[in-house]
Amino acid sequence: MATAPHQQKTDRPASDKTDGPSAGDDSPYRHLNTTVDETLSSLRWLAMEKQQEYLSLLELVSAEVRLAKKSALVTILATLTAFVFSCFCWLVINLFMAIGLHKLDMHFALISLIVFSINALFAVLGFTMAKKTYRRISLMPACRILLSAVGLSSQQGE
């Protein structure tokens, strides 16, 4: 098969001039013979795939939210239970401390002042510890994961 000097050898068959209006076109896209139906079919498939991707992401986020709600409920109940138990324990400790000071023949006003001072000291220490801990609590790691799953960069907001 002889080829003209300006033509290249390809694995594709040579095109006839009678194939259609663009058969003799020297366009680099002359080998693309897609129809409107094929294009629409591809676009429908693309839309369906994107819809499935977003539905899957929505399902993942929904599952994470349900898990977070259950986790928050369990955490709240466990914290409430621990708080009530620790309050009773602290009351018993205060009671034994007051009884011990009374056995040492101290006046009730002095016993009350000592017990109150100890409780105030522990309250201040607890408040300080809670304040330091609160600074470390953050939802930003979860937000970054969610944004990266959607395709948004977490560096934009920082």
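Predicted model: local features only at pLDDT ≥ 70, side-chain atom pairs only at ≥ 80, totals over all residues.
Residues are numbered from 1 along each chain as its sequence is written, and side-chain values use heavy atoms, with hydrogens and water left out.

The secondary structure amounts to three helices and zero strands, and the chain reads α-α-α along its sequence. Helices (H or I, at least four residues) and strands (E, at least two) are DSSP runs, numbered from the N terminus. Of the 158 residues, 4% count as buried. Here buried means under 20% relative accessible area, exposed means over 50%, and partly exposed lies in between (1.4 Å probe, protein chains only). The chain exposes about 14,500 Å², with carbon and sulfur atoms supplying 67% of that area. Accessible areas come from the Shrake-Rupley method with a 1.4 Å probe, and for residues only the protein chains shown count as cover.

Helix α1 covers residues 36-103. Its 68 residues should span 100 Å at 1.5 Å a residue, and the C-alpha atoms at its ends are 99 Å apart, in agreement with that expectation. The expected span is 1.5 Å times one less than the number of residues in the helix. The buried residues of α1 are L57, N94 and L101, and their cover includes α2 (108-134) and α3 (140-150). N94, for example, has a relative accessibility of 12% and so counts as buried. Apart from neighbours within four places in sequence, N94 is in contact (heavy atoms within 4.5 Å) with V115 and N119.

A nonpolar patch on the surface is made up of V36, L40, L43, W45, L46 and M48, which together have about 610 Å² of accessible area. Patches are built from residues with over 30% relative accessible area and no salt bridge, where like charges are joined within 9 Å and nonpolar side chains (Val, Leu, Ile, Met, Phe, Trp, Tyr) within 5 Å. One member, L43, sits in helix α1 and is partly exposed, at a relative accessible area of 49%.

The structure holds one salt bridge, defined as a side-chain nitrogen of Lys or Arg within 4 Å of a carboxyl oxygen of Asp or Glu. The partners are E53 and K50, with an N to O distance of 3.2 Å. Side chains of opposite charge can pair when their charged atoms come close. E53 and K50 are three residues apart in helix α1, so about one helical turn separates them. An α-helix has 3.6 residues a turn, so residues three or four places apart point the same way. Both partners are partly exposed: E53 has a relative accessible area of 43%, and K50 one of 38%.

Turning to the aromatic side chains, the count comes to one pair. Rings of Phe, Tyr and Trp (its six-membered ring) pair if their centres lie within 6.5 Å; planes under 30 degrees apart count as stacked, over 60 as edge-to-face and the rest as tilted. The ring centres of W90 and F122 are 5.3 Å apart and their planes stand at 80°, so the pair is edge-to-face. Because W90 belongs to helix α1 and F122 to helix α2, the pair ties together parts that are 32 residues apart in sequence. W90 is partly exposed at a relative accessible area of 30%, and F122 is also partly exposed, at 46%.

The loop between α1 and α2 contains D105. Just after α1, D105 takes a positive phi of about 60°, in a residue other than glycine. Most residues other than glycine have a negative phi. D105 is exposed, with a relative accessible area of 70%.

Not counting residues up to four places away in sequence, I111 touches A98, L101, H102 and M106. I111 and A98 are 13 residues apart in sequence, and their C-alpha atoms are 6.2 Å apart in space. F108 has its place in helix α2 as well, but is exposed, with a relative accessible area of 56%. Between F108 and A98, which are ten residues apart along the chain, the C-alpha separation is 8.8 Å.
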